[in-house]
Amino acid sequence: WNSVLFHGDRFLDVRDLLFVGADLFVAAAYDAGHPNSWGVFRVDTTDPDNLVVHHELGPPNTAFHARSLAVDSSGGVYVAGVTTDWVQHGYSGSPRIYYRALAGTSWDQVDNDGLPNNADPGQPDNTLITVGVDADDLEAPLLTFGRRLYVLLEDEWDDIYEYPFQTTLQV
């Protein structure tokens with residue numbers, strides 16, 4: 001085993017891992033005790049004896065709890081999570097989704113049109129993302145947030161299903 005430090009810190013609240021080729025993407029939730037160890041890290045695993053860590057999505061962006069990663073057929077990566085503004089919304093914060101193209105290193109925020117401001121009632125651990133294919137063989141990101149399932153069509157999230165109260169999703 002090789003120890004990997006993230007910004008010189010061994011602490012990282014890892015919520016999801018995703019391999020895309022030789023890159024390992026790590027989604028990490030925000031922790032006030034380790035304010036620089038959140039977001040998305042990319043670990044280049046080409047040389048197992050020399051793992052290189054890149055903090056691709058983190059400070060100075062708005063802190064958020066990165067919870068779930070997904071890859072599309074082009075190799076682009078999505079990350080979904082929630083903001084840390086607990087007091088403002090009273091539940092789990094607002095949804096936050098970013099996308100990174102295969103050859104890129106920058107993450108673009110995906111528009112929240114069609115998504116609620118919070119996961120009322122608070123079920124922030126149900127913030128998960130995947131990429132599916134519809135009946136016309138078109139790819140679309142699917143997002144769970146709170147008790148609802150959304151699909152990104154064009155530039156807006158459509159609410160397509162509501163889960164029973166206190167459903168916990170496992171991936």
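Q: Before we get to pairs, what counts as a salt bridge here?
A: A salt bridge is a side-chain nitrogen of Lys or Arg lying within 4 Å of a carboxyl oxygen of Asp or Glu. The model is a predicted one, and Arg42 and Asp23 form such a bridge in it, with their closest N and O atoms 3.2 Å apart.

Q: Where do Arg42 and Asp23 sit?
A: Arg42 belongs to strand S3, residues 39-44, while Asp23 belongs to strand S2, residues 23-29, so the bridge ties together parts that are 19 residues apart in sequence.

Q: And is Arg42 buried or exposed?
A: Arg42 counts as buried, because its relative accessibility is 12% and the cut-off for buried is under 20%. Asp23, with a relative accessible area of 18%, is buried as well.

Q: How many salt bridges does the structure hold?
A: The structure holds seven salt bridges. Another one of them joins the side chains of Glu56 and Arg100, at 2.7 Å from N to O. That pair links distant parts of the chain, since Glu56 is in strand S4 (residues 52-57) and Arg100 is in strand S7 (residues 95-100), 44 residues apart.

Q: Why does Arg100 count as buried?
A: Arg100 has a relative accessibility of 4% and therefore counts as buried, the threshold being under 20%.

Q: Which residues are linked in a network of salt bridges?
A: The network of salt bridges links Asp23, Arg42, Glu56 and Arg100.

Q: What about Arg148, what does it bridge to?
A: Arg148 forms a salt bridge with Glu162, and the closest N and O atoms of that pair are 3.3 Å apart. Arg148 is in strand S11 (residues 148-153) and Glu162 in strand S12 (residues 156-162), 14 residues apart. As for accessibility, Arg148 counts as partly exposed at 29%, and Glu162 likewise counts as partly exposed at 36%.

Q: Changing topic: how many aromatic pairs are there?
A: The count comes to five aromatic pairs. One of them is formed by Trp38 and Phe64, which are edge-to-face, with 5.9 Å from centre to centre and 80° between the planes. Trp38 is in the loop between S2 and S3, whereas Phe64 is in strand S5 (residues 64-71), and the two residues are 26 apart. Trp38 and Phe64 are both buried.

Q: Why is the Tyr78 and Tyr99 pair tilted?
A: The planes of the Tyr78 and Tyr99 rings stand at 55°, with the ring centres 4.6 Å apart, so the pair is tilted; edge-to-face would need planes over 60 degrees apart. Tyr78 lies in strand S6 (residues 77-83) and Tyr99 in strand S7, so this pair ties together parts 21 residues apart in sequence. Tyr78 is itself buried, with a relative accessible area of 12%.

Q: Which residues do ring pairs link into a cluster?
A: Trp38, Phe64 and Tyr98 are linked into a cluster by ring pairs.

Technical notes
Residues numbered from 1 in each chain as written. Predicted model: local features only at pLDDT ≥ 70, side-chain atom pairs only at ≥ 80, totals over all residues. Heavy atoms only, no water. Helix = DSSP H or I, 4+ residues; strand = E, 2+ residues; numbered from the N terminus. Buried < 20%, exposed > 50% of the residue type's maximum accessible area, 1.4 Å probe, protein only. Phe/Tyr/Trp six-rings, centres within 6.5 Å; stacked < 30°, edge-to-face > 60°.
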